[in-house]
Amino acid sequence: MEIDHFSHGWLTPVVAYVMSFTGSLLGLRCMSRVRGESIFDGWLIAASVALGGTGIWVMHFIAMLGFRIDGAAIKYDVPITLISALIAMVVVWIGLCLAQLRRLGTQGLLVGGVVTGLGVGAMHYAGMYAMKTDVEIGYDWPTVALSMIIAVVAPTPAHWLTHKVSGTQPTHRAALVMGMAVAGMHYTGMFAMHIGDNQHHMPPSGAGAAQLLTPLIVSVSLVTVGMLFHLGLTEVGGPAPLTRRPAADNYWPTRD
């Protein structure tokens, strides 16, 4: 039995990367609109949904549409699949909260990047746990460790580019880095898989890929389009006003 990660050719990896880049770009642009350090800032939450939902979760499951094991059935556990999306958004939200704390400086960017990367890895392996098949799946643990290193290391320069350098081009470069990190982590983790010697006699339970993933992916993608439209409208209205606070707050005024 053989594993095929590209059963639809280059279609799924290319579309998956485009969605990862789009979610990352939207998330980083939302972060540039954050004012203050409130963890419940609307733009911060929107960034978490965009990056965790579209940039990570949608990317993963679009790539999984191209995953096939010859001669084996593949199903998905619905609750765990939904929980994996929640994991991505919540952990990314925590990472972004840490990264935008001005008083932490570079240390905040570093810790925030690590936490965001852990969110990428946690979502990936939660999504893999949601996949059920009638063959035994094993992992090459050194390759798994490499995938986690990719996930943890790459978001840090993306955060740095967004917070330390102003302008649209740095944000696009940061989104390219994030997109490559998420896609690279995904496929590195997938290539760590191998087929074991045992085969289960009972067929796997759950929903099929097209039955479950297609409506979920379309729904999240529509939310992403709506957020892009809303972001575009706010930018057409002009730059956000300069926010000032007393020096005792140690707040760095910024302008988008």
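Let's start with Asp4. Asp4 is partly exposed, at 22% relative accessibility. Partly exposed sits between two cut-offs: buried is under 20% relative accessible area and exposed is over 50%, with a 1.4 Å probe and protein chains only. A word on the source: this is a predicted model, where local features need pLDDT of at least 70, side-chain atom pairs count only at pLDDT 80 or more, and totals for chains, interfaces and linings use all residues. Residues are numbered from 1 along each chain as its sequence is written, and side-chain values use heavy atoms, with hydrogens and water left out.

Back to Asp4. Which residue does Asp4 form a salt bridge with? The partner is Arg68, with the closest N and O atoms 3.5 Å apart. By salt bridge I mean a side-chain nitrogen of Lys or Arg within 4 Å of a carboxyl oxygen of Asp or Glu. Asp4 lies in strand E1, residues 3-4, and Arg68 in strand E2, residues 68-69, so the pair ties together parts that are 64 residues apart in sequence. Helices (H or I, at least four residues) and strands (E, at least two) are DSSP runs, numbered from the N terminus.

Arg68 is partly exposed too, with a relative accessible area of 42%. Arg68 also meets Asp70 in a salt bridge, at 3.6 Å from N to O. Asp70 is partly exposed, at 35%. Shared partners join Asp4, Arg68 and Asp70 into one network. The count by this rule is two salt bridges. In general, side chains of opposite charge can pair when their charged atoms come close.

Now the overall layout. The protein has eight helices and six strands. Along the sequence, the pattern reads β-α-α-β-β-α-α-β-β-α-α-α-β-α. There are 256 residues, and 48% of them count as buried. Take contacts, meaning heavy atoms within 4.5 Å. Among those between residues at least 6 apart in sequence, 85% join residues at least 24 apart.

Next, the inside. How many residues does the largest nonpolar core have? It has 48. A nonpolar core is a set of buried Ala, Val, Leu, Ile, Met, Phe, Trp, Tyr and Cys residues joined through side-chain atoms within 4.5 Å. Phe61, Met64, Phe67, Tyr76 and Met131 have the most contacts inside this core. Elements that each supply at least two residues include helix H1 (11-31), strand E3 (74-76) and helix H8 (209-236). Helix H2 gives the largest share, 13 residues. A second, separate core has five residues, among them Phe21, Leu25, Leu28 and Ala174.

Look at Met64. Leaving aside neighbours within four places in sequence, Met64 is in contact with Tyr76, Met128, Met131, His186 and Met190.

Gly53 sits in helix H2. Buried or exposed? Gly53 is buried, at 6% relative accessibility. Beyond neighbours within four places in sequence, Gly53 contacts Ser48, Val58, Met89 and Val220. The C-alpha atoms of Gly53 and Ser20 are separated by 9.5 Å, and the two residues are 33 apart along the chain.

Val18, in helix H1, is partly exposed at 43%.
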